[in-house]
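Have a look at the model first.

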Amino acid sequence: MASKAASKRLTREYKTISENPPPYIVAHPSESNILEWHYIITGPEDTPYHGGQYWGTLVFPANYPFAPPAIRMHTPSGRFQPSTRLCLSISDFHPKSFNPAWEVSTILIGLLSFMTSDEMTTGSVSTTQSERKYLASRTRWWNSTGGGSQAKSNPAAKGNVKAGDGGAKFRAEWPDVDAENWEWIKKHKVDPVSGNRLDGENGSSCGPQLGISGSSGHQAQAVVDAVVQQREAGRSWIFRNKLLVAGAAIFMYVLVARLVRGGGIA
């Protein structure tokens, strides 16, 4: 339970961040627990997260602001392990370095800054730019379906913020955003189960995409398919059109031979 000081401070901070939200960031406390805050970071331009919708939580201690919150990002980003506590100077991993003057907005701005950097810490992961862009394109689907689990006959219990709750927790905390996400899913013809485009338009059209998804039971085949995909994409034009090239070479050889014989050259 929050102390009176923590409750008063967080109530004031909610008013401040609602009236003047930082760029790319929105946040609010849960209706049932003022110590549990939910945020959404929109991926900034000129980053591999551009347009992505990254949902996470800040769980504050009862004695806030004299101790920092636990910070998690639930949406897969390719930057952090989903739903894993992050070790940052502004998180509960470092209570002694936390400054009581820092507010919710300060913490979230710091998180966004770290997210767009290349620094590593406990809870972060190393992935390619392409993988992060691919995940960014699936964030709306992931948030509102719990990673496709809303179609399962027995999704995880409501309140579980990890994949498997059918998007129940996200929907409870962000009903308006969830409704917008479902409109987006329908508009872009996204399969609610797999997150893939039903019209086959998945990923960028400027080159081959390597996207491995699905349950662990299908990962081996997914890896094989991805390797074949990359191998085919890497083949040269000559290799892919070897029959045409061979036919042209034979034609040229016959033509030159006839010209040589017709000119009387021994």
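Tyr 64 is buried, with a relative accessible area of 0%; buried means under 20%, exposed over 50% and partly exposed in between, using a 1.4 Å probe on protein chains only. This is a predicted model, where local features need pLDDT of at least 70, side-chain atom pairs count only at pLDDT 80 or more, and totals for chains, interfaces and linings use all residues. Residues are numbered from 1 along each chain as its sequence is written, and side-chain values use heavy atoms, leaving out hydrogens and water.

Now for the rings. Phe, Tyr and Trp (its six-membered ring) pair if ring centres lie within 6.5 Å; planes under 30 degrees apart are stacked, over 60 edge-to-face, and the rest tilted. That rule gives eight aromatic pairs, and here are two of them:

| Pair | Type | Centre to centre | Angle between planes |
|---|---|---|---|
| Tyr 64 and Phe 98 | tilted | 6.4 Å | 50° |
| Phe 98 and Trp 102 | edge-to-face | 5.5 Å | 85° |

Phe 98 is buried too, at 6% relative accessible area, whereas Trp 102 is partly exposed at 26%.

Glu 13 is itself buried, with a relative accessible area of 3%.
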